[in-house]
Amino acid sequence: MWREVCGDDFGKVELPVRDDWVDRGFDKVSSITGNDGPRCRCGKVATLVGDTWRCTACGFEKSRAAWSARASLTWARLTAPVFGSGGLVQGRLGDCWFLSALSVVAQRPDLVRSLLLPGSSAHAVRLFLDGEWKTVVVDDRFPVQGSRLAFVACEDGALWAPLLEKAYA
């Protein structure tokens, strides 16, 4: 069951009505946990050579031990506030280039709010992809290790940065 929601800059957006909605289309678990090997910068799955995952196309290298540590990740539904004013903490993903851009956007809370339309278990996120604005709907489940977010986190516990990172993924 979906309901139509209108946001200022979003136009017409449909979000699920259920509070426990899970985005079944977001199947990044194998690339995060390393079940099929890591995806490298060029988007290909790296090949295991000895004890190292390698990609000859882009030069990606990661030890088997370092990559298998990602298998301890689990998914958790977080209920923190969406917006906040804390700084960003980089997680294990290695997307500092993306987080740098988010840090610049974070200086203008009005810009952050224009990118997100929060829902109960699903959130609409606006991203400028391939030369046009696109709306991506994501759920509120995130990879965690123990009780901490595995990837980007906000110092104040807000979810705006993890939501943007997940939508971009």
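Modeller: Happy to. Let's begin with burial: a residue is buried under 20% relative accessible area, exposed over 50%, and partly exposed in between, using a 1.4 Å probe and protein chains only. Please keep in mind that this is a predicted model, where local features need pLDDT of at least 70, side-chain atom pairs count only at pLDDT 80 or more, and totals for chains, interfaces and linings use all residues. Residues are numbered from 1 along each chain as its sequence is written, and side-chain values use heavy atoms, with hydrogens and water left out.

Colleague: Why is Cys154 called buried?

Modeller: Cys154 has a relative accessible area of 7%, which is under 20%, so the label is buried. Cys55 comes out at 9% and is therefore buried too.

Colleague: How many disulfides does the structure hold?

Modeller: A disulfide is a pair of cysteine sulfur atoms within 2.5 Å. The count in this structure is 0.

Colleague: What makes the contact of Asp110 with Arg108 a salt bridge?

Modeller: The term asks for a side-chain nitrogen of Lys or Arg within 4 Å of a carboxyl oxygen of Asp or Glu. In general, side chains of opposite charge can pair when their charged atoms come close. For Asp110 and Arg108 the closest N and O atoms are 2.7 Å apart, so the pair qualifies. Asp110 has 44% relative accessibility, so it counts as partly exposed, and Arg108, at 43%, is partly exposed as well.

Colleague: How many salt bridges does the structure hold?

Modeller: There are 3. One of them joins the side chains of Asp130 and Lys134, at 3.6 Å from N to O; that value is within 4 Å, so the label holds. Asp130 is exposed, because its relative accessible area of 73% is over 50%. Lys134, at 29%, is partly exposed.

Colleague: And what about Asp139 and Lys166: are they buried or exposed?

Modeller: Both are buried. Their side chains meet in a salt bridge at 2.3 Å, N to O. Asp139 lies in strand 10 and Lys166 in helix 5, so the pair ties together parts that are 27 residues apart in sequence. As for those element names, helices (H or I, at least four residues) and strands (E, at least two) are DSSP runs, numbered from the N terminus.

Colleague: How do you know that strand 9 and strand 10 pair?

Modeller: Two strands pair if DSSP finds at least two bridges between them. Strand 9 and strand 10 are joined by 8 bridges and run antiparallel, so they meet the rule. Within that pairing, Leu127 stands opposite Lys134 in strand 10. The hairpin of these strands has 2 residues between them, and Asp130 takes a positive phi near 50° there.

Colleague: What makes strand 8 an edge strand?

Modeller: The open sheet has 3 strands in the order 8-9-10, with antiparallel pairing. Strand 8 (116-117) and strand 10 each pair on one side only, and these are the edge strands. Strand 8 is joined to strand 9 by 2 bridges, and Leu116 has Val125 in strand 9 as its bridge partner. The C-alpha atom of Val125 is also 5.5 Å from that of Thr135, though the two are 10 residues apart along the chain. Thr135 lies in strand 10 and is partly exposed at 36% relative accessibility.

Colleague: Which residue takes a positive phi in the hairpin of strand 11 and strand 12?

Modeller: Gly146, with a phi near 70°. Strand 11 and strand 12 pair in the antiparallel sense over 2 bridges, and Gln145 has Arg148 as its bridge partner. Strand 11 also pairs with strand 6 over 4 bridges, again antiparallel.

Colleague: What classes of residue line the second largest pocket?

Modeller: Its lining has 11 nonpolar, no polar and 1 charged residues. Here Ala, Val, Leu, Ile, Met, Phe, Trp, Tyr, Cys and Pro count as nonpolar, Asp, Glu, Lys and Arg as charged, and the others, Gly among them, as polar. Among the lining residues are Phe98, Arg126, Trp133 and Tyr168. A pocket is an open set of points on a 1 Å grid over the protein atoms alone, where a 1.4 Å probe fits, with protein on both sides within 12 Å along at least five of seven lines; lining residues have an atom within 4 Å of a point.
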